[in-house]
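Visitor: I have a structure open on my screen and would like to learn how to read it. Could you walk me through it?

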Amino acid sequence: MGYRVRVYKENFDFSAGHFITMSGRCESLHGHNYRVEVMLEGENGADAFLYNFSELKPLVRLECNVLNHKMLLALNNPHMRYNMSGEEIEVLYQNRRYVFPLAEVVLLPVINTTAEELARYLTGCLRKRILELNHPETKLLHAIEVGVEEQPGQAAYYFEPF
Ligand SMILES: Nc1nc2c(c(=O)[nH]1)N=C([C@H](O)[C@H](O)COP(=O)(O)OP(=O)(O)OP(=O)(O)O)CN2
């Protein structure tokens with residue numbers, strides 16, 4: 001038994017470039033207008049809420065801002081090579097080569113920038129931020145789930161206990 005709260009606001013979005021590798025090939029560079037939703041599961045606290053929406057929403061917005069208008073690169077992808085020099089990053093995949101300004105890239109600790117991995121990454125970031133805030137109701141949280149929608153009707157979710 002328990003409660004869930006879910007936040008999925010209009011401005012929980014970010015636009016970013018990416019490509020994923022799969023079955024020995026790499027997609028062409030393209031972008032998405034991603035949407036994010038967050039679910040918290042747990043017990044109600046003294047004020048009869050599980051976690052204050054007003055406290056949760058700015059955290060989600062902050063994480064969306066980190067990724068907005070950036071090229072997302074998967075740091076742990078075994079098929080990609082990255083060389084950093086000065087203000088640039090060179091990305092090598094087989095005979096393909098891209099160069100991006102470092103300031104316009106987010107190097108993510110994931111093996112591929114799939115919606116699944118982005119959901120897992122955001123789950124970790126948001127869980128950490130909630131723990132850092134250390135509101136009394138945090139003790140009653142059981143789990144967090146983050147959904148990342150790549151395009152309407154196409155989303156992945158990651159779930160983690162608190
Ligand atoms: N489970 C997942 N499958 C796929 C992911 C993903 O993140 N998780 N990502 C992709 C691609 O990155 C791609 O951006 C989406 O591919 P696709 O749906 O084929 O894209 P289209 O825009 O061509 O889709 P249509 O709906 O057919 O227009 C692939 N799979």
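Predicted model: local features only at pLDDT ≥ 70, side-chain atom pairs only at ≥ 80, totals over all residues.

Visitor: Which strands form an open sheet, and in what order?

Guide: To read a sheet, follow the pairing from strand to strand. Here three strands form an open sheet in the order β7-β8-β9, with antiparallel pairing. At the edges sit β7 (81–85) and β9 (96–101), each of which pairs on one side only. On average, neighbouring strands of this sheet are turned by 20 degrees against each other, direction ignored.

Visitor: How many bridges join β8 to β9?

Guide: Six bridges join β8, residues 88–93, to β9. If you want a place to start looking, take Y93: its bridge partner in β9 is R96.

Visitor: Now I'd like to step back. How many helices and strands does the protein have?

Guide: The protein has two helices and twelve strands. Read from the N terminus, the order is β-β-β-β-β-α-β-β-β-β-β-α-β-β. The C-alpha atoms fill a box of roughly 60 × 30 × 25 Å along the principal axes. Of the 162 residues, 27% count as buried.

Visitor: What share of the contacts comes from residues 24 or more positions apart?

Guide: For this one, count pairs by how far apart they lie in the sequence. Among contacts with a separation of 6 or more, residues 24 or more positions apart account for 64%.

Visitor: Which strands does β11 join by bridges?

Guide: You can trace this strand by strand. Eight bridges join β5 (residues 30–42) to β11 (residues 141–151), and the two run antiparallel.

Visitor: What is the phi of G153 in the hairpin of β11 and β12?

Guide: For a hairpin, look at the residues between its strands and at their backbone angles. This hairpin has two residues between the strands, and G153 takes a positive phi near 85 degrees.

Visitor: And which residues are around the ligand?

Guide: List the shell, then sort it by class and by element. Around the ligand are I20, E27, T114, A115, E116, E150, Q154 and A156. By class, that shell has three nonpolar, two polar and three charged residues. Both α2 (115–133) and β12 supply at least two residues each.

Technical notes: Residues numbered from 1 in each chain as written. Pairing = 2+ DSSP bridges. Helix = DSSP H or I, 4+ residues; strand = E, 2+ residues; numbered from the N terminus. Near = placed C-beta within 6 Å. Nonpolar A, V, L, I, M, F, W, Y, C, P; charged D, E, K, R; others polar. Buried ≥ 20, exposed ≤ 12 C-beta atoms within 10 Å, placed from the backbone. Contact = placed C-beta atoms within 7 Å. Axes fitted to C-alpha atoms, helices over the stretch in contact; angles between N-to-C directions.
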